[in-house]
Amino acid sequence: MDITFFTAKEAPTSFFNQSHDHHLHHLHFSNLDMQSSTSHSSEYSPEHSPSAAATAAATGKWASTLLKECAKAISEKDSNKIHHFLWMLNELASPYGDSDQKMASYFLQALFCRATETGLTCYKTLVAVAEKNHNFDSALRLILKFQEASPWTTFGHVASNGAILEALEGETKLHIIDISNTLCTQWPTLLESLATRNDDTPHLKLTVVTTTSIVKCLMKEIGQRMEKFARLMGVPFEFNPITNLNHLTDLTNEALKVEEGEAIAINCIGALRRVRVEERNNVISMLKSLKPRVLTIVEEEADFISSKNDFLKCFEECLRFYTLYFEMLEESFVATSNERLVLERECSRSIVRLLGCDHDQISEEEMGSERREKGKQWTKRLKQALFSSADFSEDVMDDVKALLKRYKPGWALLRSTAAVTGDEDESGGDDSSGIYLTWKEESVVWVSAWKP
């Protein structure tokens, strides 16, 4: 998950008390002043909800059904049904229950914000609370714990590192341009690999580009740790952080400090989705102009762009994606895990930002990483920019498969259609390139390598 990690000290902030002991009266339904656009022939009232809630709870996986009905009511501006389903969800939801109860809790918060037009205020409050307790050590511990429990991020790291090492093999002046917010947790293993190369150890310049304010303030400490580790490995190393950007479109060759004779690799993890949709093709063309030996891209497999003007379709895609993520967390961490709770609360902020806020009011920076596209959509953009897909070698694939064996069952590697057949769709069709991380046969992360 592309996550801006926060400390476990943060508390959930909401327009209702998230304790399972307090229910509907905290939702302030007086704010629901919309006019119903549908018939009110079917009367919904809170007094009928306790038995309905109990029935729903007894059926097992109830959250998605109730959430979809609530989202539909909001889309139709049916205030009676909105009251009814918000009440039911609040009866059943808990941020400390099973995955269904947690999903209901966090999506309920976003739906309530949407219904009352309070999403932006709620989101800013959630972020302010989280940022107050943010620090490097807690963020790093959380990232490492997540990597230990799940291959969600390490899958992309291993595949990308393998492609980069092979593309830069034999070169003596390496320049990796890392556009991500992963606190450089990807690079120690690559430094170890460089240190054990059969030929002379190359010089590595690592340029880290970040546009996230919380990560920017950590770059000094990250750089010091990377330089110390490089010395320990005996790798000549230069750290070049770029923290004065608001958008990737502002990136310049001068800031990147590209020098003659450098073999360049560009690594983008969860970075391209932070670019405005209308500027993505320009950014990809800019990356191509740097003439990298390889461009590696890691993105989560979700599409929040195609349906951005259709609340109900966007809600369904958001629910599909986060249901997989919450179920994965439930099986990867123990129920009492503090790290799991922090990861879930980061998701709650993303859900409020995506579903609870009016996109015309929220800024581009605040929308952050919610503009996800699927692998086939990114593939089309890259081919239009005249990038060619670079297949992962069997050695890299073996490394990825070995990685997945370290985790609990349910994870698998899936090759894209193009990777299996070896066919490149020159017309820019729907087939994607690269490989996928799947969780219980559902694709969740897409990784690809490209050459200009």
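Let's start at Phe 321, which is buried at a relative accessible area of 1% (buried means under 20% relative accessible area, exposed over 50%, partly exposed in between, with a 1.4 Å probe and protein chains only). Bear in mind that this is a predicted model, where local features need pLDDT of at least 70, side-chain atom pairs count only at pLDDT 80 or more, and totals for chains, interfaces and linings use all residues. Residues are numbered from 1 along each chain as its sequence is written, and side-chain values use heavy atoms, with hydrogens and water left out.

Phe 304 and Phe 321 make an edge-to-face aromatic pair, 6.2 Å centre to centre with 90° between the planes. For the rule, rings of Phe, Tyr and Trp (its six-membered ring) pair if their centres lie within 6.5 Å; planes under 30 degrees apart are stacked, over 60 edge-to-face, and the rest tilted. Phe 304 sits in the loop between strand 5 (294-300) and helix 13, while Phe 321 is in helix 13, so this pair ties together parts 17 residues apart in sequence. Helices (H or I, at least four residues) and strands (E, at least two) are DSSP runs, numbered from the N terminus. Phe 304 is buried, as is Phe 321.

Zooming out, Phe 304 and Phe 321 belong to one aromatic cluster together with Phe 146, Trp 152, Tyr 322 and Tyr 325. Of these, Trp 152 counts as buried at 2% relative accessibility.

What about the cysteines? Cys 70 is buried with a relative accessible area of 0%, and Cys 184 is buried too, at 3%. The structure holds 0 disulfides, a disulfide being a pair of cysteine sulfur atoms within 2.5 Å.
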